[in-house]
Protein chains: 2
Amino acid sequence: MTPFIKHSKLMLAVAVATAAFTGCKPKKAETVISGDAAQKVYVAPGKLDEVYLFASGGFSGQVAAYGIPSGRLLKVIPVFSQNPENGWGYTEETKAMLNTSHGFIPWDDAHHPQLSKTDGMDDGRWLFINGNNTPRIARINLATFKTEEILEVPNSGGNHSSPYCTENTEYVVAGTRFSVPIGNNTDVPITSYKENFRGALSFINVDQKEGNMNIAFQLLVPGVDYDLARSGKGVSHGWMFFSCYNSEQAHTLLEVNASQRDKDFIMAVNWKKAEEYVKQGKGKKMPATYYHNKYDEKTHSAKSTVEKEVLTLDTRELKDIVYFIPCPKSPHGADVSPDGENIVASGKLAAVIPVFSFKKLTDAIAKKTFDGEFDNVSVVKYEAALAGEVQKPGLGPLHTEFDDKGYAYTSMFVSSEIVKWKVDTREVVDRVPTYYSIGHLCVVGGDNKKPYGKYVIALNKITKDRYLPTGPELTQSAQLFDISGEKMNLLLDFPTIGEPHYAQACPAEVIMKNQKKIFELSKNEHPYAAKNEQETKVVRNGKRVDVWMTAIRSHLAPDNIEGIKQGDEVYFHVTNLEQDWDVPHGFAIKGAENTELLIMPGETQTIKWTPKSTGVFPFYCTDFCSALHQEMQGYARVSAANSTVALKYGVGDTAPKDQVAQK
Amino acid sequence: MTPFIKHSKLMLAVAVATAAFTGCKPKKAETVISGDAAQKVYVAPGKLDEVYLFASGGFSGQVAAYGIPSGRLLKVIPVFSQNPENGWGYTEETKAMLNTSHGFIPWDDAHHPQLSKTDGMDDGRWLFINGNNTPRIARINLATFKTEEILEVPNSGGNHSSPYCTENTEYVVAGTRFSVPIGNNTDVPITSYKENFRGALSFINVDQKEGNMNIAFQLLVPGVDYDLARSGKGVSHGWMFFSCYNSEQAHTLLEVNASQRDKDFIMAVNWKKAEEYVKQGKGKKMPATYYHNKYDEKTHSAKSTVEKEVLTLDTRELKDIVYFIPCPKSPHGADVSPDGENIVASGKLAAVIPVFSFKKLTDAIAKKTFDGEFDNVSVVKYEAALAGEVQKPGLGPLHTEFDDKGYAYTSMFVSSEIVKWKVDTREVVDRVPTYYSIGHLCVVGGDNKKPYGKYVIALNKITKDRYLPTGPELTQSAQLFDISGEKMNLLLDFPTIGEPHYAQACPAEVIMKNQKKIFELSKNEHPYAAKNEQETKVVRNGKRVDVWMTAIRSHLAPDNIEGIKQGDEVYFHVTNLEQDWDVPHGFAIKGAENTELLIMPGETQTIKWTPKSTGVFPFYCTDFCSALHQEMQGYARVSAANSTVALKYGVGDTAPKDQVAQK
């Protein structure tokens, strides 16, 4: 057998480059913490943090909200992955949220949280997040911190350059990472990549009132890898910018084969032009099966619908929608300055950071200052679009965000640092080590028209010795820096749930203005809601047994149930009658094949239970709710399938009583 | 329909009592934080915390490790619940850990972490944790922070008074919360509670070398609710103390019906006596089906075995094993002082805290100073066992832990405070409010023979306005207090994963001395491990396709696979070839019906994939591992079931190459 891997040249190049940059490499002994750091991150008991940080969990598939400057985890919001803690993806109401054209999928890889925008500013309505692996976009309602919608994205593989909002959330944009065969015949040799594999960039319309998403159109684009994206704003409103790597169009051993060319591309997309073509009827409907799952707050339940086609615009034919700009090399981040004029492109193996000018770009397009085509897309001349380059920024530039004072902050993966530079002069003014291997970074409002600034958060890839050890598997971590002064100052290391892949941060008031504390019981339209104890009942319909149950401090009703038979499918529909903030109840029964229910005030949730044996099965409230929480328990008796024990239920001294309905 | 609930008398009593104690009720405005609190909790970047805190996640079913004093979450250790983040309970290797006699169960309610003990001190070997709902005990290896064993507990319902170690971890003890019908006929009316329902207390032997657990014997005890327990130590070595409520033996509306009697019980168990009876062959083997799941570090895989019987000792017949001590009212905590002499019993509706003397108890037993029997168990006279009472401690006493200076700390749920009192005089010396509704508390080493002291952590039940709001569902929370001085000082609020039901804390060095950083590749005995790229292969066996895959920075081998057919069951066995600390790799493939793999250095993990359609499916590394992580990708081609596309695989320029084996 011959050795598989021949990439010594590349590894040597990286090693040499790394050696050249050792001046930037963090050494632990150098860490200097200013004396007031403790006071700056301390949020005294009873006080609130000043900023929300929404970080994706990366391979956890969820989103987590943190308080800044304390770094405290406020909430894990389940999105693409099952969450046993509150039954997400296990309860009858939430299972449908994880349906896809590949069946029920309990996990995904969530990368880029995106706050909805109005006039280029965070508006606190929704948070969008992408599922990479089985391409999907989710929308979280920031009034309830619940995932309300998950939309599958067809013709996509590795939904990475997603989801990025346009200036007024006209669209959420989702680009494929991996190009894949698209169309009628997708069963093609992998070696036919160049002929058969294409990319798709989806423009997803967002209903401005309810937030509902629908794919407006997909752009079919050359077969390369689409990595990240940002929307134009201000002067560049109507445009979108994607980074593209693997313009080598390699299909194997990409670490070597996709690192051959000196320059890959930034793709500039004129989505206003695409809209015109759609209006002109130039889109083509393509058959495509994808799921659209919505959670309804009134019924507290999710439903899936299956979409059957998608409107596509082929950029081979409609050539003035997209343009390539050459960019060194293997570009990762493509970020847009607050005024919309500068597009910062970070080639992760590049020694400089090119900054492109939107004005020069559009001038070059108007004058057709092109350097030929790549796969039928015009390539704008590098110098024609270039505003200038950031020189000697560090090694492995990845992502850039902006502050309120005209500075940009770029993460350097290989040299493990943040570099601060002046946007108009591209002059490096400060650099600070990160521990270790920073990926994305996040300035508060750092992709807004008017960033808030004050803090930058480093989202690191490696932790090693930064925390007490926990065996081979370590926490992942973020770091908080004060950027209010000229120099960046490290304040705090704080661990994260999953990989803190990317995060967005905004001032607390943007989110707090619109918080829901309870669900109104009177508005509960769940078909099995018991809105008071008089409405509780147990109904048999063949082998199906439905239990209308209520929970209130400190009892469940009914709390004694008899007459369940082996082979029955029992559905416990539990309504939390409380109408105070922070009085959830839980529900669990021994041997249940799902998880528990965690039911917020006014909500109804359902767990299915298929008892595997006869006997008496305790059930109880799982969320410590009151001084007599431990007494909030009951029993369900299960008899043999042929038993004559009648269905009975009740609560209190007279329990059990006879059922009131049996179909 | 008549109203179900008639409990106004009880609620009135609680209300009156609450009013009487309003002096103790925390008011937010009263919070005083000392000026040096920020410095006391600040762990500067690059420094390590001084204490590990292991907290159960309550209804999350997991355990979380935190650093103290920073309150930072170090790691969520998956135990009873599936964890999409690292594939726990989804991968082929870990699924068996969640098997029970009721089938595969993806969740439980984890309450009481217990560090293993040697001579009454935390020894850093293992952490035990109970699953309440479907009764189980788990053991976590603290060298790897992995759950290695889960043992189901038969004859139990709500495994709450668990798991408590004896002084040298001779046993881990697990008591049922809910009594249930035990024996040949368990299908009995719930109303026959008094005749048919019994409790079971399981004494689980722990192998001192490997930690393997086996049920040595079960004590069959009266049908009441067993709430919490603690082991005797020092003078009381050989004994165990359980709190018991519902001595009313009610089966419905327990909030009223189990709160009738002035006194319930502490049960004192002489397990040395039980051992004698076992040796004498007085135990009876009872048929009982329960699962025993073990994770083997060499094969990186779990296996289930099914146990078929359990040895029982009936305390109705063997009457000198257990004794009741009366205790006001609805006792919750039963805690033992460092010297083993004092048993502190907290009735959650009681106005005093009785402290029992082990010496007086054994004297009373020797002299038969009894007050009759309860359900065939001798009841020791209250005054005969009593050392004295803590007067006016607060309202709703729950749990007590101890410091290194002779003080006890008791949590007060209703009056929401911690009360510090002197163990020898039972005099209250300090009280401090908690926010809000404290349940358990934890002193560092607070159940050891020699507690470490310094901090007490309040594990609270209600959060409300303590953090930035996150819709109806809020984080749960703990609070850190400095107890190094005479007065307790609040330092920090820190949020937790799930409900921080109970926690144990110990100095960092106890855990750090024994940390594993990688799994040695040379010792990997996984049957599908490829220990270098030359060993990678793809083998078809009927519809089963096994992929021996390796991961190393920055590629997967093979990275091109063709010849998979619709209807195949594909198993990706991925071995992480890295041998450095903190270089995990992940693996995911589009449309996989499970989660991802997160593979530690030297480990092999397997995901099953049943492709639902033809096409080309990207796969990639999900854990950002290197500068060229984004290039760590591959493709699998799926053809129709009747296709003639041959099985091929490979990596590098020559890929794909023909398979080397096909059965």
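## Confidence of the model

The structure is a prediction, and its overall scores are an ipTM of 0.95 and a pTM of 0.95. For chain A the mean pLDDT is 93, with 94% of the residues reaching 70 or more.

## Relation between the two chains

Chain A is superposed on chain B by a rotation of 180° with 0.0 Å of shift along the axis, and the RMSD of that superposition is 0.0 Å. The two copies are therefore related as by a two-fold rotation axis. Within chain A, the C-alpha nearest this axis belongs to Ala38(A), at 2.9 Å from it. Both copies use the same surface, in that 100% of the contact residues of chain A recur in chain B.

## The largest nonpolar core

The largest nonpolar core has 53 residues, and those with the most contacts inside it come from both chains: Leu53(A), Leu480(A) and Phe494(A), together with Leu53(B), Ile457(B), Leu480(B) and Phe494(B). In soluble globular proteins, nonpolar side chains tend to be buried together.

The surroundings of Leu480(A) can be followed residue by residue. Leaving aside residues up to four places away in sequence, Leu480(A) touches Val41(A), Ile68(A) and Pro69(A), then Tyr455(A), Val456(A) and Ile457(A), and finally Asn489(A), Leu490(A), Leu491(A), Leu492(A) and Phe494(A). Phe494(A), which is also among the core residues with the most contacts, stands in strand E34(A), opposite Ala478(A).

## Two open antiparallel sheets in chain A

One open sheet of chain A has 4 strands in the order E27-E28-E29-E30, paired in the antiparallel sense. Strand E27 (397-402) and strand E30 (428-433) of chain A each have a single partner strand, so one side of each is left without a neighbour in the sheet. From one strand to the next, the twist averages 20°. Inside this sheet, strand E28 (residues 407-412) and strand E29 (residues 417-422) of chain A run antiparallel and are joined by 6 bridges, and Ser411(A) stands opposite Ile418(A) in E29(A).

Strand E33 (residues 476-482) of chain A runs antiparallel to E34(A), with 7 bridges joining the two.

## A buried serine in chain B

Where does Ser437(B) lie in chain B? Ser437(B) has its place in the loop between strand E30 (428-433) and strand E31 (438-443) of chain B. With a relative accessible area of 12%, Ser437(B) counts as buried because the cut-off for that class is under 20%. Apart from residues up to four places away in sequence, Ser437(B) touches Phe413(B), Ser416(B), Asn460(B), Lys461(B) and Ile462(B).

Strand E39 (residues 560-565) of chain A is mostly covered, with 6 of its 6 residues buried. E39(A) has a parallel partner in strand E45 (residues 633-639) of chain A, to which 4 bridges join it, and Ile564(A) has Val638(A) in E45(A) as its bridge partner. E39(A) also pairs in the antiparallel sense with strand E46 (residues 648-650) of chain A, over 3 bridges; there, the bridge partner of Asn560(A) is Gly650(A).

Strand E6 (residues 114-118) of chain A is mostly covered as well, since 4 of its 5 residues are buried. E6(A) runs antiparallel to strand E7 (residues 121-131) of chain A, the two being joined by 4 bridges, and Leu115(A) finds its bridge partner in Leu127(A) of E7(A). E6(A) and E7(A) form a hairpin with 2 residues between them, and in its turn Asp119(A) has a positive phi of about 50°.

Terms used
Residues are numbered from 1 along each chain as its sequence is written. Chains are lettered from A and ligands numbered from 1 in the order in which they are written. This is a predicted model: local features need pLDDT of at least 70, side-chain atom pairs count only at pLDDT 80 or more; totals for chains, interfaces and linings use all residues. Side-chain values use heavy atoms; hydrogens and water are left out. Copies are superposed by least squares on the C-alpha atoms of residues with pLDDT of at least 70 in both. Contact means heavy atoms within 4.5 Å. A nonpolar core is a set of buried Ala, Val, Leu, Ile, Met, Phe, Trp, Tyr and Cys residues joined through side-chain atoms within 4.5 Å. Buried means under 20% relative accessible area, exposed over 50%, partly exposed in between (1.4 Å probe, protein chains only). Two strands pair if DSSP finds at least two bridges between them. Axes are lines fitted to C-alpha atoms, for helices over the stretch in contact, and angles run from 0 to 180 degrees between N-to-C directions. pLDDT is the predictor's confidence in each residue, from 0 to 100.
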